[in-house]
Amino acid sequence: MPSTDTKASFVKENFNQIARKYDLFNDLNSFFLHRIWKNHLVKEVEKETKGQLAVLDLCCGTGDISLRFHKSKRVDSLLCIDFSSEMLEIAKSRLKEPISSGRAVLKIEDATNLKSVPNNSLDAVSIGFGLRNVDNLPKALSEIYRILKPGGVFANLDVGKVKSPIISNLANFYFFKIVPLLGYLIWGGKNEMFDYLPVSSLNYPDQESLKAHLEQTGFLDVRYRNFVFGNVALHLGKKPLR
């Protein structure tokens with residue numbers, strides 16, 4: 001598994017490799033529930049904002065959440081950023097309509113250095129199962145905070161920590177033993193990326209710790225909702241009004 005110094009290059013290289021299998025992998029390992037969680041993320045963003053929106057789907061991958069924002073009548077402009085070129089190629093094929101109309105733009109960029117995105121320019125930023133893959137969490141959160149307009153919303157969907165010891169043991173067995181096997185089956189052999197995905201959760205903050213990170217960055221009204229006993233969590237926070 002990668003060290004902190006090699007994490008970014010490892011994730012980029014291996015996501016490029018598994019890009020065309022990634023959506024099927026997510027469907028199988030979550031029993032298709034990730035689709036419901038992502039729908040909920042978009043609904044929460046709509047609920048927490050007003051008017052027409054400029055949205056960034058960060059670490060957008062194959063465009064699963066981006067596609068949901070495209071279908072929202074509230075979204076005027078959609079920026080989709082990932083540092084995996086192969087993931088973005090799939091997103092591009094799924095978002096042909098909004099790209100051709102100029103409503104959506106795709107960019108290759110690092111979540112810790114969003115140099116092309118101006119300060120205070122977005123109404124909402126979303127990340128779906130990507131924050132735990134960044135190599136510098138405080139820097140990524142600082143960049144998200146920088147580019148949000150005052151009053152803008154950050155929505156983050158990712159793995160969580162289960163409090164119940166019994167459920168936690170069952171979840172860990174599934175996540176660390178069964179999920180990689182599903183990946184091998186889809187891939188047609190062993191691939192270390194499917195081992196990395198569960199391991200990446202080990203150093204990722206639990207729900208309360210991530211809430212604290214968001215508050216330390218400056219976000220207000222931070223809250224989260226657990227799914228499947230806390231195996232997955234959706235965090236929401238707002239940049240304060242000036």
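How are α1 and α8 oriented, roughly parallel or roughly perpendicular to each other? In this predicted model, the axes of α1 and α8 (residues 192–199) cross at roughly 100° and come within 9 Å. Angles of 65 to 115 degrees count as roughly perpendicular. The two helices, α1 and α8, are therefore roughly perpendicular to each other. The α1 side of the contact includes Phe10, Val11, Phe15, Ile18 and Phe25. These and other α1 residues meet Glu192, Met193, Phe194, Tyr196 and Leu197 in α8.

A nonpolar surface patch is formed by Leu24, Leu28 and Phe32. Its area is about 260 Å². Phe32 sits in the loop between α1 (7–29) and α2 (33–48). Its relative accessible area is 43%, so Phe32 is partly exposed.

The whole structure holds 15 salt bridges. One of them joins the side chains of Glu48 and Arg223, at 2.7 Å from N to O. Glu48 belongs to α2 and Arg223 to strand β6 (residues 220–227), so this pair ties together parts that are 175 residues apart in sequence. Both partners are partly exposed: Glu48 has a relative accessible area of 22%, and Arg223 one of 31%.

Asp195 pairs with Lys190, with the closest N and O atoms 3.2 Å apart. Lys190 is exposed, at 64% relative accessible area. In the salt bridge between Lys211 and Glu215, the closest N and O atoms are 2.9 Å apart. Lys211 and Glu215 are separated by about one helical turn, because they lie 4 residues apart in α9 (residues 207–217). Glu215 is partly exposed, at 38% relative accessibility. Salt bridges with shared partners also link Asp23, Lys38, Asp64, Arg68 and Arg94 into one network.

How values were computed. Residues numbered from 1 in each chain as written. Predicted model: local features only at pLDDT ≥ 70, side-chain atom pairs only at ≥ 80, totals over all residues. Heavy atoms only, no water. Patch = residues over 30% accessible without salt bridge, like charges linked within 9 Å, V, L, I, M, F, W, Y side chains within 5 Å. Areas by Shrake-Rupley, 256 points an atom, 1.4 Å probe, with all protein chains shown as cover. Salt bridge = Lys/Arg side-chain N within 4 Å of Asp/Glu carboxyl O. Buried < 20%, exposed > 50% of the residue type's maximum accessible area, 1.4 Å probe, protein only. Axes fitted to C-alpha atoms, helices over the stretch in contact; angles between N-to-C directions. Parallel < 35°, antiparallel > 145°, perpendicular 65-115°, else oblique. Contact = heavy atoms within 4.5 Å.
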